[in-house]
Structures are given as C-alpha cells and as structure tokens.
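Visitor: Hi, could we go through this model together? I'd like to start with the pockets.

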Amino acid sequence: MAGEEPMYTDWLRHQPCARCGKHGQSQAHHATGHGKGLGQRNHDRMAFGLCHDCHRLVHDKSLGMTRDALREWQDAKVDEARCAWSEANMAEQESYDDIF
C-alpha cells in the first residue's frame, strides 16, 4: 500500500516513547495537521514512536498545546525519529561492510 514503510514503523515500535522516554512497545504515531482528512493518516515517514499512554493523550488532545504548537512538536519528533532511523541504518550497513 502506498505510504507504508513497514521496516521503519517496526523499528519505531522498539524505540523509547518520544514524549516520556518509556521503554517497551511504542506505537507509531502519525503526525497530524498536514492536510489529511479525518480518518486518513499521513505517510509512515511522518510517524514517530509513543507509548500507549502518551499516544492516547495526543489523540485525546490532552497535552495542553495549541494546534500550532502540537504540529511543531510533532514535526520535531518526526525529524528526530527520521535522523535516528538513518543513523541506525548507517551503523548497520557499516557493520555489514566490516564483515565482508
């Protein structure tokens, strides 16, 4: 399906929560406020990991942020997750290259 990156979202699920830092099973939260309609999620590359509790808080709009502040926070978390994903993939490739 278009817009899906299963390797990235699987990796996200094994990262600490981007809000509270809790380790364990994170959920892929797709950043909101980028022109998608209700019930339509963004591309997986617009996702970052949140624990169940923080994910619920975001969707219940219980973080006490304005819409613009929430969008900026989510965009920053997406950028952080994408950078960490890239670094993890580069380190994995370097390890692979060292073997061969």
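Guide: Happy to! For sorting residues, Ala, Val, Leu, Ile, Met, Phe, Trp, Tyr, Cys and Pro count as nonpolar, Asp, Glu, Lys and Arg as charged, and the others, Gly among them, as polar. This is a predicted model, where local features need pLDDT of at least 70 and side-chain atom pairs count only at pLDDT 80 or more, while totals for chains, interfaces and linings use all residues. Residues are numbered from 1 along each chain as its sequence is written, and side-chain values use heavy atoms, leaving out hydrogens and water.

Visitor: So how do the residues lining the second largest pocket divide?

Guide: Eight are nonpolar, two polar and two charged. A pocket here is an open set of points on a 1 Å grid over the protein atoms alone, where a 1.4 Å probe fits, with protein on both sides within 12 Å along at least five of seven lines; lining residues have an atom within 4 Å of a point.

Visitor: Which residues line the second largest pocket?

Guide: W11, L12, Q15, P16, C17, A18, F48, G49, K77, E80, A81 and A84. Helix 1 (6-12), strand 2 (47-50) and helix 3 (67-99) each give two or more residues to that lining, and helix 3 gives the most, with four. Helices (H or I, at least four residues) and strands (E, at least two) are DSSP runs, numbered from the N terminus.

Visitor: Switching to aromatics, how many aromatic pairs does the structure hold?

Guide: Four, where rings of Phe, Tyr and Trp (its six-membered ring) pair if their centres lie within 6.5 Å, and planes under 30 degrees apart count as stacked, over 60 as edge-to-face and the rest as tilted. The rings of F48 and W73 have centres 5.6 Å apart and planes at 90°, so they are edge-to-face. F48 in strand 2 and W73 in helix 3 are 25 residues apart, so this pair links distant parts of the chain.

Visitor: Are F48 and W73 buried or exposed?

Guide: Both are buried, meaning under 20% relative accessible area, with exposed over 50% and partly exposed in between (1.4 Å probe, protein chains only).

Visitor: And which residues form an aromatic cluster?

Guide: Y8, W11 and W85 form one.

Visitor: Last one: where is K61?

Guide: In the loop between helix 2 (52-59) and helix 3. K61 has a positive phi of about 55° although it is not a glycine, and it counts as exposed at 72% relative accessibility.
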